[in-house]
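Let's take a friendly walk through a protein structure together, one part at a time. Have the sequence and the 3D view ready, and look up each place as we reach it.

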Amino acid sequence: MIKTMEIGLILTIIGAVLAAGLAGIGSALGVRLVGEVASGLVAEDPEKFGKVLLLQALPGTQGIYGFLGAIMVMQKIGLLGGGIKSISPEVGWQILLACLPVGVVGLISALLQAKVAAAGVNIVAKKPTESGKPIIFAAMVETYAVLGLLVTILLLNGIKVG
Amino acid sequence: MVTPLKKICIISSLENEEKILNFLQDFGNFHVFEFRKGEVGKFDLDYQIAKVNFSLEFLKNFKKKERENLKEKLTKVISPKIEIDIKKLEETISFFNWEKIIQEVEKAEIDLSEVSFQIKRIDEEMKKFYPFKNLDLNLEEIKKTKNFSFILGRINLNYKEKFLNGLEKKIKFVEVREISQIEKNSYFLIIFLKEVEKDLEKFLEENHFEKEELPPIYTSFKNYYKKLKEEKKNFEARLNEINEKIDNLVPYIDKLKIIFDWLNWQKEKDEVKEKSAKTSYTFALLGWVEESLLNHLKEGISKITKEYEILELPIKEGETIPILLKNKEFFSDFETVTNVYGAPLYHEPDPTPFLTPFFILFFAICLSDAGYGLVLAILSLFIIKFLKLPKKNKKFFRLFLWLGIATFFVGALFGSWFGIEIETIPDSLKPVRDFLLKIKIIDPVKNPLQLLIISLVLGIFQILTGLSISLWWKIKNKMVKEGIFDHLPWIFLISSILIFIASSSNFLPMPKNFAKYLVLAGAIFVVLTQGRKQKSIFLKIPAGIISLYGLIGYLSDTLSYSRLLALGLATSIIAMVINLIAKIFSQMLPVVGILASFLVLIVGHLFNIGINALGAFIHSARLQFVEFFPKFMEGGGARFKPFKKEGKYIRIINND
């Protein structure tokens with residue numbers, strides 16, 4: 001028999017795992033996509049490495065946001081030291097749900113942002129002087145990951161533990 | 001500021017064209033405008049440029065790593081161009097026999113590939129003959145006989161014994177000679193009477209014997225191998241010679257780079273010639289020049305010839321005028337941000353000075369750590385002070401110096417120092433702790449809502465600023481009525497909403513109803529003015545009501561500023577996590593753990609600075625481009641591209 005307190009803890013951990021996991025998967029796939037396209041350009045023109053590296057890094061931020069969400073959860077329930085707090089199933093569910101914005105939006109926005117960034121590699125190839133513009137295009141997509149993170153942070157901040 | 005330009009037409013005699021173009025290219029402030037669509041076809045120069053480029057690419061592979069100290073290396077990474085003064089440049093162009101050098105490079109390249117190919121071929125041949133290199137026998141002699149034949153091949157040592165014994169027993173008229181043993185194989189020559197060939201073949205197949213086919217050579221293997229060796233030696237000697245020759249050519253790289261750029265300048269000049277209009281005796285060149293430099297230009301040309309005419313042409317309505325942004329020292333550093341977006345139109349204000357304070361502040365809130373700001377500022381200052389950089393590159397680092405300083409102050413207000421919670425600073429440093437606590441006014445991690453509200457208010461403030469700039473610009477350009485009717489109602493409405501929110505959350509001591517009426521007045525104001533362009537009186541009011549929908553646009557613009565909070569929190573929480581991981585490391589193991597935790601701290605914080613400075617920069621820039629600029633400008637202006645000597649490899653410095 002699992003005690004109810006343990007159910008709360010498990011739900012909380014699932015939340016942290018989803019935040020870091022989903023957003024991390026999105027970022028990994030996204031960074032891969034841009035990296036592949038960028039390699040094509042760098043093979044032709046190695047000097048553009050620095051510029052396309054910035055583009056490749058962009059879809060990587062979602063993973064960091066997810067990681068951030070997970071850490072906030074861990075800190076909240078005392079997993080990082082200070083003793084694990086007791087968590088009721090209700091609070092567990094609350095924390096799990098609070099983790100979803102950063103996880104789900106992170107996953108999808110990283111994939112979509114990667115497509116924009118990969119297309120932006122074209123701009124860097126053809127118009128090196130305009131290489132700031134594709135970065136802004138990609139950042140337009142990232143807005144929603146930032147907002148997802150914000151919602152997760154605010155929700156976690158509002159949930160009372162113990 | 002958008003620099004005022006003059007559209008001019010330079011007319012002079014054809015014989016002066018070359019000289020005048022040379023002057024204009026050195027002058028570097030004349031934007032050539034196409035008179036006619038010139039055929040930008042192939043130039044002879046293209047071929048020469050390609051040749052020089054080929055030589056450069058080829059020689060680059062042979063360049064030895066130079067010993068440089070860190071300072072030189074850093075300078076090269078940030079600003080890789082060679083600096084050269086005009087005297088040395090002219091010297092190189094007139095005295096350096098680059099055509100000869102290029103011929104030598106081309107010859108060396110052909111020789112090198114030929115010799116390398118030969119060496120590779122001989123190596124392969126030698127590899128094939130290697131196991132039989134001691135065989136002092138011309139096998140072709142055996143082929144000539146009527147009754148005898150031979151087979152070459154190898155067998156694995158494991159089967160050798162069985163093979164030799166069996167061969168002796170089963171097949172007659174056969175002579176076996178073991179020639180060499182290499183690794184796990186033994187190599188054999190088998191000479192046999194032709195009549196036993198079939199039996200032999202069958203036996204060999206059954207006993208794991210592998211045949212080797214070698215090309216006919218008409219001499220003994222021993223001799224042949226020796227010959228190959230000698231041949232290789234000769235080729236290697238030639239290879240050395242060629243490499244030496246190439247090594248002697250490598251020092252010309254820098255001079256070839258100068259020639260490469262110089263040829264490109266000549267080509268650009270030819271292109272300009274194509275753009276000018278010509279009669280049998282004269283040419284006319286259209287272009288733009290800064291108003292303040294027009295006299296300088298006239299003076300320069302009058303030094304070349306007296307037979308010239310410079311006409312100032314009127315600017316037609318709707319004509320595209322190139323944009324040259326010029327700002328005072330401090331603001332000019334932020335042109336980098338504007339340039340990412342592009343240029344405004346000629347009749348629009350330069351957004352650079354307006355975005356500057358917002359950009360600095362937003363970046364600082366996004367990075368939000370005093371320690372990180374300090375690191376950024378010190379790094380930038382170091383680069384500016386200690387590396388000899390051209391002005392253009394310095395601008396960029398000065399920008400980061402300002403951003404770093406601002407981040408330092410904002411971070412101090414947030415009480416974030418490398419992610420350390422200042423409450424945990426030990427008692428031995430009590431004065432420091434107390435001081436830091438005293439200047440800490442906002443705690444975004446514990447109380448994010450406070451910073452969220454600040455972010456949104458900053459956003460509204462920037463939107464209002466944008467509208468005000470537009471209002472001011474229209475009034476300045478004598479569109480007073482349009483400016484006032486377009487923008488003032490909105491400015492009033494948005495401000496009154498802000499006041500309403502402030503008073504209803506008891507932030508402003510004001511009767512609630514008063515604020516309510518203020519908002520209502522604002523809305524009526526908007527409804528009455530925004531539909532005024534409709535012709536029918538029955539449409540004016542409905543169009544005004546519909547325009548209230550614009551409020552949603554302003555609302556979403558405002559909410560977009562919440563990213564300031566999110567990015568700020570991201571930096572400080574990751575910084576805390578890095579400290580936490582380092583702490584765990586140091587507690588896990590003695591000594592090694594402490595070293596590891598140091599590594600985690602340094603690498604981790606540097607990573608955090610890098611990734612978050614990038615994020616802070618692009619998101620603050622986005623707020624300017626998407627939320628701020630459209631309030632007062634359209635953008636999309638063409639850039640002022642002067643005809644000048646801009647090199648891929650070199651930069652001319654003036655010694656005067």
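Chain A has five helices and zero strands. Here helices (H or I, at least four residues) and strands (E, at least two) are DSSP runs, numbered from the N terminus.

Before going on, a word on what you are looking at. This is a predicted model, in which local features need pLDDT of at least 70 and side-chain atom pairs count only at pLDDT 80 or more, while totals for chains, interfaces and linings use all residues. Residues are numbered from 1 along each chain as its sequence is written, chains are lettered from A and ligands numbered from 1 in the order in which they are written, and side-chain values use heavy atoms, with hydrogens and water left out.

Back to chain A. Its C-alpha trace spans about 60 × 25 × 25 Å along the principal axes. How much of chain A is buried? Of its 162 residues, 45% are buried; buried means under 20% relative accessible area, exposed means over 50%, and partly exposed is in between (1.4 Å probe, protein chains only). The accessible surface of chain A comes to about 7500 Å², and carbon and sulfur atoms hold 71% of that surface. Such areas come from the Shrake-Rupley method with a 1.4 Å probe; for residues, only the protein chains shown count as cover.

A contact means heavy atoms within 4.5 Å. Taking the contacts in chain A between residues at least 6 apart in sequence, 86% join residues at least 24 apart.

Now turn to chain B, where a nonpolar patch lies on the surface. I581(B), I584(B), F585(B), M588(B), L589(B), V591(B), V592(B) and L595(B) form this patch, with about 750 Å² of accessible area together. Patches are made of residues with over 30% relative accessible area and no salt bridge; like charges are joined within 9 Å, and nonpolar side chains (Val, Leu, Ile, Met, Phe, Trp, Tyr) within 5 Å. The elements giving two or more residues to the patch are α23 (563-588) and α24 (592-628) of chain B. Of these, α23(B) gives the most, with four residues. V592(B) sits in helix α24 of chain B and counts as exposed because its relative accessibility is 54%.

Next come the charged pairs. Side chains of opposite charge can pair when their charged atoms come close. A salt bridge is a side-chain nitrogen of Lys or Arg within 4 Å of a carboxyl oxygen of Asp or Glu, and the structure holds 35 of them over all chains. In one of them, K211(B) pairs with E201(B), with the closest N and O atoms 3.1 Å apart. K211(B) lies in strand β7 (residues 210-211) of chain B and E201(B) in helix α8 (residues 197-206) of chain B, so this pair ties together parts that are 10 residues apart in sequence.

Other salt bridges sit within a single helix. E236(B) and K232(B) meet at 3.9 Å, N to O, and both lie in helix α9 (residues 221-249) of chain B, four residues apart, about one turn of the helix. K430(B) and D434(B) form another salt bridge, their closest N and O atoms being 3.1 Å apart. These two are separated by about one helical turn because they are four residues apart in helix α17 (residues 430-439) of chain B. There is also a network of salt bridges, linking E423(B), K440(B), D443(B) and K446(B).

Two loops of chain B deserve a stop. E183(B), in the loop between β5 (174-182) and β6 (185-193), has a positive phi of about 50° although it is not a glycine. Is E183(B) buried or exposed? With 75% relative accessibility, E183(B) counts as exposed. K478(B), in the loop between α18 (448-476) and α19 (480-504), has a positive phi near 65° and is likewise a residue other than glycine.

Our last stop is I304(B), in helix α11 (residues 294-304) of chain B. Leaving aside its neighbours within four places in sequence, which residues does I304(B) contact? They are K19(B), I20(B) and F23(B). The C-alpha atoms of I304(B) and K19(B) are separated by 7.2 Å, with the two residues 285 apart along the chain.
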